[in-house]
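User: Please show the model, and then let us discuss it through questions and answers.

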Amino acid sequence: MNALKWWWGILLAFALLGVSRTFLPLPFMNEVVIFSIYAMGCNFLIGRVGYISFGQPAYLAFGAYACAFYLFYFGTNPLVGIMVGVLGGLVVSLVIGPLFVRLRSDYFAMVNLALAVIVFYLTQKVLVDITKGDNGLWFMTRITSTPGLDLTIPGQFFIFALIVALAVCAFYKYLDDSIYGACCLATKINENKLQFLGYDNFSIRLLAFVIANTTTALAGAMYAVYLGFVSPEMASPSRAADPVIVTLLGGVGTLFGPIVGAIAYTGMKDVISKLIGNWELFIGFLLVFIMLVADQGIWGTLAPLLEKLLWRRKATLPVATKR
Amino acid sequence: MSPDKRTVVIKAEGVSKRFGTVQAVDQVDYQLYENEVAGILGSNGAGKTTFFNLLTGYYLPDEGRILYQGQDVTRMTPQQRVSLGMMRSFQLTSTFDNLSVIDNLVLAFFRAHKSASLWQLLINTCRKHRKDEKILATLASFDLERVADRLVKHLGLGEKRRMEIAMEILAEPKVLLLDEPLAGLAESEIKGVLDILRQQVGKQTILIVEHKISHVQDFLQRLIVMHEGRIIAEGGYECLQNPEVRKSYWQIDDSASESASASADAGEVS
């Protein structure tokens, strides 16, 4: 019974996403689901460990290019491609993580931004022979059908992406409730105390960095398979703030914040870009307004209201277990 | 039993620490005995917190070494010291304000009973440990049941202090090192915290750094008084009558009052 209570929120959220597919365009839904996975990694870094990174496009590109290299040069199975992308993100995170997690706050944000710039120029100018520069790698026609869910068909890719996103969300939910999740929150605000309780801040942060960026690489690999194409634009530093914005918009540190943020951001982008030419400027102003009105983000503001509405709980001081 | 025949738990040998031109701790030798309740007293800037930080591994000494049960721990990390059985608190209340009271206790309890390897942290959930009998009993004995699910940032200072000490006791260290645990508390809260600490007497070695002797009157079994980075007196409460202690700690200059009275006497005579 407890297990059901634990799971029902996640299942309901993804059931709603699945149902939305019937009345919302498929490309929009696919983008929302992949962007949700992208933002889940960023949300974990900011919300749990207190690391703001403006270099997430770099990790997205690591996953996307690792997957693309496999599908362009070596194989044709998209599932293997996604696994290669995840592995690529994992290896890169393990290599650079020990260097980066020693930094805090603004230094961490900027060193990641620098990484995104490096990756952008590597893919665009330095490694042109293998990345094909701005032309990118096109491999849609090389991707073969997979048994069960055929990822070459957008409708079936959506189901696959939804299952992957659900698994990632459930994994983060588990982490939230683990001792490790509590240690992440603890190191975020009081590393001295955690150290003198006998925990190792460095390994806790390193693991968080690896988990979050491997998730980001997974999103990158899924973008690669879905689009059948990757280009340096994916690592563009001009898109560095996107996952951070989505995280803040949805609600930092909340389980469903990345999904809500991805729906809101992609929705705003789609709707407003059709109506206004300089849509990014308008979205900028809109975001400033939302942040000022609801600094907890959309889900962070709505969740307590929904809880009260649905369960008619008495208004008490906030407790840590609410989500 | 004479202190000399008791087992030494922590020993400082010629420990010094300098910050720029300030000699914060100067060649201090000290011994902490098993299961005693000892105190470090001194006025502001006497070097007691720096010395405490050297004992607990927060600072590395410039000179000298720290031994724990005969083992040199001078260069050990705080995690290694915790594994050996040393646990410290901080002068300013130091808790995880973004976690609930019970999850703060779970983190302290977990470290005492399981290794802090990432694998153990990942496979164990807070949910499971929140029901542990020892944690529930601690909540009750520290009068924290009512606020168990509340985020720590919503607690009052007295509740936070009680919770912090509860964390340290739950972690079951052999040596409990408390840095001004009574600072900022109301009289009633001080009594509550001391009552809790009294329950630990004889079970754990306790070292308390305190600024005000009135707070820990009748609680400490042995104390040292520090001034300008040195130990100027050591022993029972009678050492507070030491002229140097009276001068540095209470700003009572016996020699001045003696000479004043002598000159008064001389005046009377003349």
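**Burial, overall form and cysteines**

Of the 323 residues of chain A, 54% count as buried, where buried means under 20% relative accessible area, exposed over 50% and partly exposed in between, with a 1.4 Å probe and protein chains only. This is a predicted model, in which local features need pLDDT of at least 70 and side-chain atom pairs pLDDT 80 or more, while totals for chains, interfaces and linings use all residues. Residues are numbered from 1 along each chain as its sequence is written, chains are lettered from A and ligands numbered from 1 in the order written, and side-chain values use heavy atoms, without hydrogens and water.

User: Why does the radius of gyration of chain A agree with that of a compact globule?

Analyst: The radius is taken over C-alpha atoms, and the globule rule is 2.2 Å times the number of residues to the power 0.38. For 323 residues a compact globule would have a value near 20 Å, so chain A agrees with the rule at 20 Å.

User: How many disulfides does the structure hold?

Analyst: A disulfide is a covalent bond between the sulfur atoms of two cysteines. Here the term is applied to a pair of cysteine sulfur atoms within 2.5 Å. Over all chains, the number of disulfides is zero.

User: Which cysteine sulfur is nearest to that of Cys183(A)?

Analyst: Cys183(A) is in no disulfide, and counts as buried because its relative accessibility is 0%. The nearest cysteine sulfur lies 7.2 Å away and belongs to Cys184(A).

User: Is Cys184(A) buried or exposed?

Analyst: Cys184(A) is likewise in no disulfide. Its relative accessibility is 0%, and therefore Cys184(A) counts as buried.
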